[in-house]
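Morning, everyone. Please look at the screen, and keep the sequence beside you as I talk.

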Amino acid sequence: FFSLLKLFPFSFGIDEGLKLRYLGAAFENLFQDDMIGKELYYVFKLVRPTVKVDWNTVKNPNNISKIF
């Protein structure tokens, strides 16, 4: 599990209550406080994409940066 976190330093995990359960190393370095156990909405601002998300948009490699 921890070797997987090393591969994805900007990863995070949430539980069914949308509370953070783990953070990758890059996120741990960004935050001064311990964010484990905090609600996802407290730590991150979630925004809907402004582009239409459908299969054609996702499968076109030129559009990937617009989605993610």
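Start with the largest nonpolar core. It has 7 residues: Leu20, Leu23, Phe27, Met35, Leu40, Val43 and Phe44. Two elements give two or more residues to this core, namely strand S2 (20-23) and helix H3. In soluble globular proteins, nonpolar side chains tend to be buried together. Do keep in mind that this is a predicted model.

Take Val43 as one member of that core. You find Val43 in helix H3. Is Val43 buried or exposed? Val43 is buried, because its relative accessible area is 16% and the limit for buried is under 20%. Which residues does Val43 touch, if we leave aside the neighbours within four places in sequence? The contacts are Leu20, Phe31, Met35 and Lys38. Look at Leu20 in particular. Along the chain, Val43 and Leu20 are 23 residues apart. Their C-alpha atoms are separated by 8.8 Å.

Now Phe27, another core member. Phe27 sits in helix H2. Phe27 is buried, at 11% relative accessible area. Again, skip the neighbours within four places in sequence. Phe27 then contacts Pro9, Phe10, Ser11, Phe12 and Phe44. Pick out Pro9 from that list. Pro9 and Phe27 are 18 residues apart along the chain, and 7.1 Å separates their C-alpha atoms.

On to the rings. How many aromatic pairs does the structure hold? The count is 6. One of them joins Phe10 and Phe27. How do we describe such a pair? We give the distance of the centres and the angle of the planes. For Phe10 and Phe27, the centres are 5.4 Å apart and the planes stand at 90°, so the pair is edge-to-face, which takes an angle over 60 degrees.

Where are these two rings in the chain? Phe10 is in the loop between helix H1 (2-7) and strand S1 (12-14), while Phe27 is in helix H2 (residues 25-30). The pair therefore ties together parts that are 17 residues apart in sequence. Phe10 is exposed, with a relative accessible area of 55%, whereas Phe27 is buried, at 11%.

Here is a second pair: Phe31 and Phe44. This one is edge-to-face as well, with 6.1 Å from centre to centre and 70° between the planes. It links distant parts of the chain. Phe31 lies in the loop between H2 and helix H3 (40-43), and Phe44 lies in the loop between H3 and helix H4 (55-59). The two are 13 residues apart.

Stay with Phe44. Phe44 is buried, with a relative accessible area of 18%. Leaving aside neighbours within four places in sequence, Phe44 is in contact with Phe12, Leu20, Phe27 and Phe31. Now put the rings together. Ring pairs link Phe10, Phe12, Phe27, Phe31 and Phe44 into a cluster. Two of these, Phe27 and Phe44, also belong to the largest nonpolar core.

Ser11 is in the loop between H1 and S1. Ser11 counts as buried, at 17% relative accessibility. What does the side chain of Ser11 reach? It reaches the backbone oxygen of Phe8, at 2.7 Å. Ser11 is also among the contacts of Phe27.

One backbone detail. Most residues other than glycine have a negative phi. Now check Leu18. Its phi is positive, near 60°. Leu18 is in the loop between S1 and S2. At 31% relative accessibility, Leu18 counts as partly exposed.

Let's zoom out to the whole chain. There are 5 helices and 2 strands. From the N terminus on, the elements run α-β-β-α-α-α-α. The chain has 68 residues, and buried ones make up 24% of them. The accessible surface comes to about 5,800 Å², and 57% of that belongs to carbon and sulfur atoms. Among contacts between residues at least 6 apart in sequence, 6% join residues at least 24 apart.

Last, confidence. The chain averages a pLDDT of 79, and 75% of the residues score at least 70.

Methods:
Residues are numbered from 1 along each chain as its sequence is written. This is a predicted model: local features need pLDDT of at least 70, side-chain atom pairs count only at pLDDT 80 or more; totals for chains, interfaces and linings use all residues. Side-chain values use heavy atoms; hydrogens and water are left out. Rings of Phe, Tyr and Trp (its six-membered ring) pair if their centres lie within 6.5 Å; planes under 30 degrees apart count as stacked, over 60 as edge-to-face and the rest as tilted. Helices (H or I, at least four residues) and strands (E, at least two) are DSSP runs, numbered from the N terminus. Buried means under 20% relative accessible area, exposed over 50%, partly exposed in between (1.4 Å probe, protein chains only). A nonpolar core is a set of buried Ala, Val, Leu, Ile, Met, Phe, Trp, Tyr and Cys residues joined through side-chain atoms within 4.5 Å. Contact means heavy atoms within 4.5 Å. A polar contact is a pair of N or O atoms within 3.5 Å; within protein, one must be able to donate a hydrogen and the other to accept it, and residues adjacent in sequence count only if both atoms are side-chain atoms. pLDDT is the predictor's confidence in each residue, from 0 to 100. Accessible areas come from the Shrake-Rupley method with a 1.4 Å probe; for residues, only the protein chains shown count as cover.
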